[in-house]
Amino acid sequence: MIKLLLRRLGQGVLVIFVLETITFFLVRMLPGNPFLGERKLPQHIMEQLNSLYGLNESALVQYYNYWKGILLHGDFGPSLVREGMQVTEIIAESFPVSLALGVVGMLIAICIGIPAGMLSACYRNRWPDACIMLLAMLGICIPAFVVGPVFGKTLGQLPGLSVAGWDSPLCIVLPALTLGLINAAYLARLTRGGMLEVLTQEYIRTARAKGASGLRVMFIHALRSGLLPAVSYLGPAFAALITGSFVVETCFQVPGMGLHFVNATTDRDYFLIQGLVLCYGILIVVANLIVDLVLIALNPRLRAQGTA
Amino acid sequence: MRVLTGFLCILSGILLSSCGDGKSSAEKFAAEKILLIGNNSEPQSLDPHKATAVADGKIIATLLEGLVRPDPAQEAGVLPGAAERWEHNERADEWLFYLHKDAVWSDGTPVTAQDFEYAYRRILHPQFGGRYAEMLYPLQGAAAFNKGETTWEHVGVKAVDAHTLKLTLNGPTPHLPQLLLHFTWSPIPAHHVEANGGMFDRSSRWARPDNWVGNGAYVTEAHHLNNYLSVTPNPKYRRAHELKNKGIRFLPIVNGYTETRMYLGGKLHISNNVPPEMISYAAAKAPQDFCRDPYYCTIFYRLNTTKPPLDDVRVREALSLAIDRDALVHKVVRGAGTPTFCFTPPGANYRAEQPAAASLTQQEREQRARQLLAEAGYAGGQGFPTLELMTTSRDVQRIMAETIQAMWAETLGIHVEIRACEWTAYKAAQQGMEYDISSSSWSGDYLDPATFVELWRSGGGNNCTDWGNPAFDADTAAATATGDAATRCHHLQQAEQRMLQEHPIIPLYHSERTYLRSARHIRGRQPRLLDNFPLDAVEVVP
């Protein structure tokens, strides 16, 4: 098990390194630079700014300096647009917001998506199944930029809830619901698929033949294996949720990381893009690692392979 | 640990929170006399030498007081700010400003003329790299100093004593007080900047909200990225007793749809912008609150005059005449503008002379456009190459481009391709002259026609059309050289007319600001062409 863990960690470090390297060179190939504004800067000012931030060096030297800063000093660089702020400060301020939103959104997704998928599997090809799958399909097809404003306009009028903004703790409800319902739709379909596959297995038939009740068969015998596809989806989905969603954050004016992701790219805020990609990469690697461990715990065959 | 603490705070907040008391944020904050205002975008910096955005300027105006301040009672009026009075010589190229002797920074240190000199030296210093340093180029020797060609002693800024500042300008500048209203002319606390990394340290923390020292009506209270920045009255401010509110919250809401929904949901007292698509909705929902103010801004198309066939003035004029500006303004931007054939918006005692085309009917213009295109060798659009019309990815710009594309196809029989770029790529292409036709806008930095007309000087950094005309340059130079307001105005009008006759640009409309302002909670706010009404003169009432 430890060997597997170490191997996965090693792969994760490599993935993050490659991700950062590709991002580093790609963003520098984009047209424009961080200092472009409404007014054209005189050449001497542009040169001075480039020199101050080391952007006048060749891309390879900048790349070397970037890693040197991180590895030797833990310095992820400054924001080139919000001068005076460090990348780490920006991430540290916005990440808790996205984390809280992601956790609540994911809880909503799990609490709605998995029971809905199980119910759907139980009533396969009957009207509850059709209704749930229709709703799930709608949840997948209708984009967040439609769901968000509709929730804001309707539910946002309820006492305590908020049309948008981040000035009271309950402001989290509607954006989390928007994110949660979209993910619940995916989870419902995945859970249904997983459960249907398991429910046709011979050991389930055996359990039924032995007189196990429907609920017991469902929760004790089938659920563990039936959840495997949903669990595989949860890892990357959770990482994506807690690094923010630009659309939902824009619709509800949530000060999370998603806004930084898009704005840093359009503003060519090189160091901030790098920092955010690094953060996202680490979260994806960690989330996938946790998913692997959960899958091993749920699936005895994988556990046997892991131990071997 | 900080991340974990923040996360736990938010989660515990949710658990502990109870349902609201039925009052909206606008009502609650109005009761506390705190103004909630939509401010378009997250500020880049509160350091007036690093900030460039209009949104930054609005916050800085509450935190720092320049030599003069805008008069809330009249458009283009100025009142004594940090300077209690001023005088100038007959040519208006030497000005003496006498500072209030009792003025202090928010940490109690006196505000001196040396602080102003320090500030102007910093923004102009080539080692600092001030992005808006050009705003101070009217100062004698400033441009040369900024380029590293001369020393500070040759720049026309001198602290005569602790409370007297002398400014020497390149030429007569009777409109200097208007220039001084821009945030780049604000003072900075030299002692505080020196204690936080010094003059050239761009990563200095002196202007961070948690470390702020200023001489304005307010000081920073809290800043949460992409959420809000709040300011609270500065007890050391000279006129602190006159302040009507207990604070201002600036909300950086980029998306106009979200902002309008937030306003209508009781989250703001003043919004920044109602997008054209929401104008009729917002006006119907809140007729008392909906505002439509003139704005010192022109929407126009730049033409790359180096690229054939746009190097032919007849083609450029034909493209201009074929656009039905009335239809564009009424159908695309839903009336949020005034159709125009001129570049400089009316204001500041200046009105550009309308070209002859303005007095024709649209049918006559279109006929003339077809005739001009035929004279240029493209009768009915035959043989006309496919040009590219570059816009930003903003909805209104894309729709406007599609409308104009259709107008040109219908009237002239020519086809243009639309290229919608994200903002930085768009600016890079425009400034690098890598375009055929580029949708553009220009808003005045200060209330004076020169901020518009001088854009088109030969080789000017923001010209971006490669058009130039020695006679135009001579006119603008003559305007700069004279101290007489009427003569100056005449030269600028003449220059603008020369430019418009050669059509390096296609003026479309002078835009208007559409926004929402709570008639119930807001008192004393007046429309301003530069949208710079002083917020310390706005009162929030319950």
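Reader: What counts as a helix or a strand here?

Author: Helices, of at least four residues, and strands, of at least two, are DSSP runs numbered from the N terminus. In this predicted model, chain B has 17 helices and 18 strands.

Reader: How compact is chain B for its length?

Author: The radius of gyration, taken over C-alpha atoms, is set against a globule rule. For 542 residues that rule gives 24 Å, and chain B comes out close to it at 25 Å, so chain B is as compact as a globular protein of that length. Its C-alpha trace spans about 70 × 65 × 45 Å along the principal axes. Of the 542 residues in chain B, 51% are buried. Among contacts in chain B with a separation of 6 or more, 67% join residues 24 or more positions apart.

Reader: Which residues touch the most other members of the largest nonpolar core?

Author: A nonpolar core is a set of buried residues joined through C-beta atoms within 7 Å. The largest one here has 226 residues, and A184(A), L276(A), L63(B) and A318(B) touch the most other members. Helix α4 of chain A, residues 87–122, contributes the largest share of this core, with 17 residues.

Reader: What does L63(B) touch, leaving out residues up to four places away in sequence?

Author: L63(B) touches L46(B), W212(B), G214(B), G216(B), Y218(B), V219(B), T220(B) and V231(B).

Reader: How does the length of helix α5 of chain A agree with its number of residues?

Author: The expected span is 1.5 Å times one less than the number of residues. Helix α5 of chain A, residues 127–141, has 15 residues and should therefore span 21 Å; its end C-alpha atoms are 21 Å apart, which agrees.

Reader: Where do the buried residues of α5(A) fall, seen down the axis?

Author: They fall within an arc of 55°, so they line one face of the helix. I132(A), A136(A) and G139(A) are the buried residues in α5(A), and they pack against α4 and α7 (173–199) of chain A. On the face turned away from the buried side are the exposed residues W127(A), A130(A), L134(A), L138(A) and C141(A).

Reader: How many residues of chain B are in contact with chain A?

Author: The size of an interface is often given as the accessible area lost when the parts come together. Here the count is of residues: 50 of chain B are in contact with 51 of chain A. On chain B's side, α1 (2–16), α8 (256–264) and α14 (423–431) each supply at least two residues. Of these, α1(B) gives the most, with 8 residues. By class, chain B's side has 16 nonpolar, 22 polar and 12 charged residues.

Methods. Residues numbered from 1 in each chain as written. Chains lettered and ligands numbered in written order. Predicted model: local features only at pLDDT ≥ 70, side-chain atom pairs only at ≥ 80, totals over all residues. Buried ≥ 20, exposed ≤ 12 C-beta atoms within 10 Å, placed from the backbone. Contact = placed C-beta atoms within 7 Å. Arc of directions from axis to C-beta. Nonpolar A, V, L, I, M, F, W, Y, C, P; charged D, E, K, R; others polar. Rg over C-alpha atoms; globule rule 2.2 N^0.38 Å.
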